Amino acid sequence: MSPARYLTGITTTGTPHLGNYVGAIRPSVQASRRPGTENFYFLADYHALIKCDEPERIQRSTMEIAACWLAAGLDPDQVFFYRQSDIPEVTELTWMLTCVTGKGILNRAHAYKAQVDRNTAASVDVDTDVTAGLFMYPVLMAADILLYKAHKIPVGRDQIQHIEMARDMAQSFNHLYGEHLVLPEAAIDESVATLPGLDGRKMSKSYDNTIALFGAREQVKKQIFSIVTDSRAPGEPKDVEGSSLFQIYQAFASEEETAGLRRAYAEGIAWGDAKQLLFERIDREIGPMRERYQHLVAHPSELEDILQAGAAKARGRATPLMAELRHAVGLRNLGAQAGAAKKAKAKTAGPSFKQYREADGRFYFKLVDAQGRVLLQSKGFASPKEAGECVARLKATPESLDAGQFESLDGAGMAEVQAALRELTATGN
């Protein structure tokens, strides 16, 4: 059997902190060692340009993120580890996908809609601060995924929509030009930990409440000792529930160590002693990696060599696929004689329903035509059962369609939507 291909991108706009390590870096490095898989990790510096216009920051972030992943144990000889901008095929595929993607699909992208909502609330033009890069972000992300025929994309629930959009784009391309692209699936890991920060909120650079991943030992110790705790004195029992200090410790400790700290809380351990235990436990895991990180940052040419080797390895996959796609769409050598018989296209597809869950926790469905154009977009349902029942009713009785209950996209009218529903009913799909 061919290996399952996993792909993960890391945007290069900041320096990883302890929360990034626990939530993304550590589990991804562990996953890279699974047998029967191929794993792609890339530094998404093209994506960084969408939200950052500071060249030095992007360069510095690229270096620090690459060093963090390697120091944490990612083996570039065993995975595909590369910088997005070193792969020219990704922008070429972005354009091809742009040409088969309806604007209506991109209108629904979370980031774009959020900016439009902010502008509407501020009573300014809806397109204020909306760049073409922001609007086209889902297409670039789809190209990142489809270029390597990735099967699984580890993402949080807020990113599921982008994977669904990548599937839509792949389906549209395949319908027009034949079965060339693999339809990816989102891989949601519900067990991934989210660390609280120094003030109890989610650890985030936005809140300035982070603990440095590879900061100097004394810097890390100072940050840990600034974690907010309550006013209970030494000797007073303390609650583990809601304790940021305990939650961070638990993310690093074994079950036995966690049980030990739980007992210490009940026995009234002093906050200073608990923070010292946390520092020592984190340093035991992170300390050995720090030397490797500091060496790589001090020798950026070594990092560059690793990334260039990774790019060559990744292009070994990307270049042949793009040659195949260029031929498929008609970008061909004019000196080559056209085949006597035109290669048959993929089996003609018809309209279909797609059901999915959005980041708001509600369930939706859409009706798309053979080209992937969205004809009908539902409103949110509280459960997948309710959404499924509505789909079943529409299939059984297309004339029951009530336009007031749905949001039509891409200019599809009632007649076109009902015709698609009747086609679905006739074919039994």
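What follows starts from the loop between strand E5 and helix H9 and then turns to other parts of the model.

A: This is a predicted model, in which local features need pLDDT of at least 70 and side-chain atom pairs count only at pLDDT 80 or more, while totals for chains, interfaces and linings use all residues. Residues are numbered from 1 along each chain as its sequence is written, and side-chain values use heavy atoms, with hydrogens and water left out.

The loop between strand E5 (185–187) and helix H9 (217–224) holds Phe-214. Helices (H or I, at least four residues) and strands (E, at least two) are DSSP runs, numbered from the N terminus. Phe-214 counts as buried because its relative accessibility is 8%; buried means under 20% relative accessible area, exposed means over 50%, and partly exposed lies in between, with a 1.4 Å probe and protein chains only. Neighbours within four places in sequence set aside, Phe-214 is in contact (heavy atoms within 4.5 Å) with Cys-68, Ala-71, Ile-286, Met-289, Arg-290 and Tyr-293. From Phe-214 to Leu-325 the C-alpha to C-alpha distance is 43 Å, and 111 residues separate them in sequence.

Asp-208 is found in the loop between E5 and H9 too. With a relative accessible area of 69%, Asp-208 is exposed. Its phi is near 55°, a positive value in a residue other than glycine.

The partners are Arg-217 and Asp-283, whose side chains meet at 3.0 Å, N to O. This pair links distant parts of the chain, with Arg-217 in helix H9 and Asp-283 in helix H12 (residues 271–298), 66 residues apart. Asp-283 counts as buried because its relative accessible area is 14%, whereas Arg-217, at 39%, is partly exposed.

Glu-257 and Arg-284 meet through their side chains in a salt bridge of 3.0 Å, N to O. Here Glu-257 in helix H11 (residues 255–266) is joined to Arg-284 in helix H12, 27 residues apart, and the pair links distant parts of the chain. Glu-257 has a relative accessible area of 23%, so it counts as partly exposed.

The structure holds 17 salt bridges. Among them is the one between Asp-230 and Arg-232, where the closest N and O atoms are 2.8 Å apart. Asp-230 is partly exposed at 34% relative accessible area, and Arg-232 is partly exposed at 27% relative accessibility. Arg-83, Asp-86 and Glu-304 are linked in a network of salt bridges.

One more backbone detail concerns Lys-149. Lys-149 is not a glycine, but has a positive phi of about 50°. Lys-149 sits in the loop between helix H7 (132–146) and strand E4 (152–154). At 27% relative accessibility, Lys-149 is partly exposed.

Terms used:
A salt bridge is a side-chain nitrogen of Lys or Arg within 4 Å of a carboxyl oxygen of Asp or Glu.
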